[in-house]
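Please examine the sequence and the structure shown below before reading on.

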Amino acid sequence: MLLFCAACIQLSATPVDDLLERIDRGASKKFKIELQKSQRDFFELDQTGHRVTVRGNSWVNIASGLNWYLKYYAGIHLTWNQMHAKLPPVMPRVEKPERHETDLTLRYDFNYCTFSYSMAFWDWQRWEQEIDWMALHGVNLPLAIVGEECVWRNVLLKLGYSEEQIGQFIAGPAFLAWWEMNNLEGWGGPLPRSWYDRQEKLQKQILKRMKELGMHPVLPGYCGMVPHDAKERLGLNVSDAGLWNGFQRPANLLPTDKRFDEVATLYYEELTRLFGRADYYSMDPFHESKDDAAIDYAEAGRKLMAAMKRVNPKATWVIQGWTENPRPEMANALKTGDLLVLDLFSECRPMFGPASIWRREEGYGQHQWLFCLLENFGNNVGLHGRMDQLLDNFYGDKRNCCGIGFTMEGSENNPVMFELMSELPWRNEKFTKEEWIKDYVRARYGLSNSALLDAWNVLIHSIYNCPAGNNQQGPHESIFCGRPSLNNFQASSWSKMRNYYDPNATRQAARLMLAAANSLRGHNNYEYDLVDITRQALADQARIQYQHTIADYKAFNIEGFKRNADRFLQMLLLQDELLGTRPEFRLGHWTEAARSCGSSPEEKRLYEWNARVQITTWGNRFCADTGGLRDYAHKEWQGLLKDFYYPRWKTYFDALLEQMEAQLKPQPELLGGGPNANKTSAELFAMALPQEVKIDWYAMEEPWTLQQNTYVAKPEGNVLEIATKIIRFLDGQ
């Protein structure tokens, strides 16, 4: 009888009860979870005796209500740096019911890039935490592309490709996202068979949990991609997509090819056999490619849609609104309700509504779309946000908008922006960032503190308030992470970074954060933020320090150059020391995860190489020096700063100093006669100016990607002591 009762209790537990138990063992007993039918999405907080009641019309909406309660009643903020908490014995009471409703019923999560920049080496334990995060933040439409390589391997085998040929097509773990988006082939591979087995099992675990919570996973549909040699090997009629940043792109199978339906059907059969059917499929044909006169985009859209509908007649095609996509000819050829567009960068470059360099006069026409927050590119480390612009755009014209989306290239950063975004569907009236940040600070740290609030008010009026018209992609990049030159500004070639805040603002915020140390010593969220904000302050001051150093070089102030170059290098090493105090900011958390995926020394080496290359050179010499992706995924991480960025800067400053000291010696090359006899006065004048030193950076960088020295994720050092040391250093003490 007792066994029967225990089984009944277990069976009666809801998915939200299970989530509560993962947050804190025994927590489910403190809450009453009620699933109720409703015409509108809602959650409601109430009180039933000693238990807090959370109601909603779906498990995800109930989880959203739970998160709201934890933040604004209990002062507990769960996010990437902390997904567990010790709940109080008696939860704060809900004195009167609080209800929130929304018509934005779809809440999407993930960019393809997220699966490589953040999730490339995640195991089930890490994925379980992420799915909990999604539920707590209202996500019910997550992109689920783990294991797509398993589908493609089976498809290509059936088409007659050998294992070796497949290995030349499918990319390595850290580059799968760009293979999936038709950008490249094979880079980072070939994958061992054990990888496919691992990812198939992992995807099935992911899908099972998502469905338990009532989410609708978005599976990868067939977008027309085929290997670039499919014309020669299979006789298919394809369009040559050319190169992407120096990489060979896959080809596009033309919709007019007589075997198009055969290939598409084969793909969906394998996808369904492994991972089941879906109500939503993601397809981004012709991603980041120029218009091709050989392609009938309207027909391509109809053929892709028809192949998807054969699998599930009720399915919806999800497509990214990014640069040229979706092509108007394609979108116009599709029925209303069949296409769902992710307006990928709504906080900055919306294609619908407010003025933007990407604005489309008619938006997405008859099709529904989601208002999305991109926020982060390359999973770069850095504070950044567009709070005013996000609020203005969100509460503006959103005709045909049916939800929101998190479309970051990299996650686990800037939790404040994702917290704000997650609440927008549940807040029907526009509010100010100043009003919201008060509640956020109390929720984040579990108390009211004037220094903390002052710090965040400084931040939301500076680095978190990137203005309209500034189109930079992601965080304000650290000077430490860029290849050295006489004119360093942005670290990556695509950031479009522009100055928009006083760098002394982050320094002021760091001081204010440190002032709250006595009240919050040992508090996880506080210490994470203290490190992140102090890191930003030091990086911003280092940018100023760099300018002093280069000014000394140009002024031929040798002694001043030595002092300022040395101070810059000290700042870089201080940054490394600071970031070593948190596992999230240690290179070891990335390389350890990569190596743990391998089941043999060879596999561990392959995965670690993938991990190292992605965050540095990104590609081979041509791609790194010419393709434009080098340092795109740069990271301010302990270990990487000291062992990769420091040697670059030290080598550069040493070369500049050597050049300066050489100027003190006779300069025969500038004398008359010899090779300079026929030079014009302008040419001789140019020769006399300070010259950029020539260094083969790739020759320095590639050897580091091949190393296997150990980096560990375990933190070292005292956060408060090192933050204090840095503030004093910046103050000249």
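Predicted model: local features only at pLDDT ≥ 70, side-chain atom pairs only at ≥ 80, totals over all residues.

Helix α11 comprises residues 260-275. The buried residues of α11 include Phe260, Val263, Ala264, Tyr267, Leu271 and Leu274. In an α-helix there are 3.6 residues a turn, so residues three or four places apart point the same way. The buried residues of α11 pack against several elements, among them α6 (148-158), α9 (193-212) and α12 (297-311). Just after the helix, Gly276 adopts a positive phi of about 85 degrees.

Attention now turns to the aromatic rings. A pair of such rings is described by the distance of the centres and the angle of the planes. The model contains 64 aromatic pairs. In one of them, the ring centres of Phe31 and Tyr69 lie 5.7 Å apart; the planes meet at 85 degrees, which is over 60, and the pair is therefore edge-to-face. This pair links distant parts of the chain, since Phe31 belongs to strand β1 and Tyr69 to helix α3, 38 residues apart. Phe31 has a relative accessible area of 1%, under the 20% limit, and therefore counts as buried. Tyr69, at 0%, is buried as well.

Tyr445 and Tyr526 also form an edge-to-face pair, with 6.4 Å centre to centre and 75 degrees between the planes. Tyr445 lies in helix α16 and Tyr526 in helix α20, 81 residues apart.

Charged groups also meet rings. The charged end of Arg612 sits over the ring of Trp704, 4.5 Å from its centre, while Arg153 lies over the face of Tyr196, at 5.5 Å from the ring centre.

Definitions and conventions. Residues numbered from 1 in each chain as written. Heavy atoms only, no water. Helix = DSSP H or I, 4+ residues; strand = E, 2+ residues; numbered from the N terminus. Expected span 1.5 Å × (residues − 1). Buried < 20%, exposed > 50% of the residue type's maximum accessible area, 1.4 Å probe, protein only. Contact = heavy atoms within 4.5 Å. Phe/Tyr/Trp six-rings, centres within 6.5 Å; stacked < 30°, edge-to-face > 60°. Lys NZ or Arg CZ within 6 Å of the ring centre and 35° of its normal.
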